[in-house]
Amino acid sequence: MFSKFQNHIVSRFPFLAEKKLFLAVSGGLDSMVLLHLMNQLPYEIAVLHCNFQLRGLESFGDQEFIQDYCNQNNIPIFTTHFDTEAFAKDYKLSTQVAARELRYSWFYELLEEKNFDYILTAHHADDNLETFIINLTRGTGLEGLTGIPEQNDRIIRPLLPFSREEILKYAEEKKIEWREDSSNASTKYLRNKIRHNLVPVLKEINPNFLDAFQKTQSFLQESKEMVEDASIIVYQQVAKEEGDDIHFDLNQLKKLPNYKSYLYQWLKEFGFSAWNDIYDLVEGQSGKQVLSEKFRLLKNRETLILSPFFETSEKDEYEINENATEVNFPLKMSLCNVGHTTFGSNKVIFVDSDKIRYPLILRKWREGDVFQPFGMQGKSKKVSKLFKDEKLSLIEKEKIWILCSDNQIVWVVGMRQDERFKIEKATNKILKIELL
């Protein structure tokens, strides 16, 4: 197994040469074999061990076992412990998910703190099979069926081609000691139930089932890559990126016979889960939207707009004092007195300084806001009507700020100045306000 492992890690992960590598070691069979293999190769390694305090004295026994092994073999080791059950309760997570969150958060902290490059874990072929079955029982796409990736960001899994049987045989041949996790024998957890009750039946039906499964996953991975390539080509025809937003042309999208698959492919990374609601947006009314935790998908006429989603409050107000010459938040603006006006634009206004009352207030627009558009003397207009005339989407409306003086609108920022603050023949001081 050593030669096979050495060839695999050199051919698949040549970039690991001369890198500093952490090994995640629990003390169990798989991680101890990984540690034994890597310690024979010319890599700079150190061990990470998490004590989740889930099995009482047994957990501390695991930690002591690994520390002794590392001390005997002159391998640097870093350990930590977590109150996993309290964390799971506080964040309403399962114990397994809580342990994963704690583990990987600590791993990445150590990568930065100790200036290491990658973390190697001991996931193997049987783990991959179990993950495949778990995903299959829950319903999944190609991502779930292709199983555990051999590399995910800075996490490397060099044992994935090896079966649990191969790993056990190597450990027995080399007389490698390991710790048995008593919880692995319990079928309380879904993974253990699959491991002990289902996988043995599959291997009984076909003794070469694991090899056949790995071939199938290889084919699925190729199909996944083909789908991703096609998705990129079609994306370039349908989508247009505008700042932080992405606009999907529905007229182009609906020409595709399987547009739902493309939408899923494009949007899956943005945290959406209500896929039927997303598909309904294509034929839905303009203004409808679907939210994920951090993003929004909005139907705006013949466009779907994907944008970051931030909860804003209409109560947020920002004061601009009389002596201010610039504003840096929530918008960038400059304010200065000038002797004359120049050709204006939507980003610049000139107002009569004597008509201004400080502090000026910068706030989000509110339903019911009314102003007198520049050039429409004596005529009022709702800000919402201005938005309608300009055919602004909901997202565009939410980005609009209002500049006010003494509760009167001076400027719908970036769109329209108010008539009441315009420069007249009797104006003595001109204030220039520019959106940067």
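The expected span of a helix is 1.5 Å times one less than its number of residues, where helices (H or I, at least four residues) and strands (E, at least two) are DSSP runs numbered from the N terminus. For the 16 residues of α3 this gives 22 Å, and the end C-alpha atoms of α3 are 22 Å apart, which agrees. The structure is a predicted model, in which local features need pLDDT of at least 70 and side-chain atom pairs count only at pLDDT 80 or more, while totals for chains, interfaces and linings use all residues. Residues are numbered from 1 along each chain as its sequence is written, and side-chain values use heavy atoms, with hydrogens and water left out.

Just after α3, asparagine 74 takes a positive phi of about 55°.

A nonpolar core is a set of buried Ala, Val, Leu, Ile, Met, Phe, Trp, Tyr and Cys residues joined through side-chain atoms within 4.5 Å. The largest one here has 33 residues, and Phe5, Ile9, Leu35, Met38 and Leu120 have the most contacts inside it. At least two residues each come from α1 (2-12), β1 (20-24), α2 (29-38), β2 (44-51), α3 (57-72), β4 (118-120) and α8 (164-173). Helix α2 gives the most to this core, with 7 residues. A second, separate core of 24 residues includes Ile246, Leu253, Leu256 and Trp275.

Which residues does phenylalanine 5 touch, leaving aside its neighbours within four places in sequence? Phenylalanine 5 is in contact (heavy atoms within 4.5 Å) with Leu34, Leu37, Met38, Leu41, Pro158, Leu159 and Phe162.

Now to the packing of helices. Two packed helices are described by the angle between their axes and the distance between the axes. Axes are lines fitted to C-alpha atoms, for helices over the stretch in contact, and angles run from 0 to 180 degrees between N-to-C directions. Angles under 35 degrees count as roughly parallel, over 145 as roughly antiparallel, 65 to 115 as roughly perpendicular and the rest as oblique. The axes of α1 and α2 come within 11 Å and cross at roughly 75°; the two helices are therefore roughly perpendicular to each other. Phe2, Phe5 and Ile9 of α1 meet Leu34, Leu37 and Met38 of α2 in this contact.

Key: Buried < 20%, exposed > 50% of the residue type's maximum accessible area, 1.4 Å probe, protein only.
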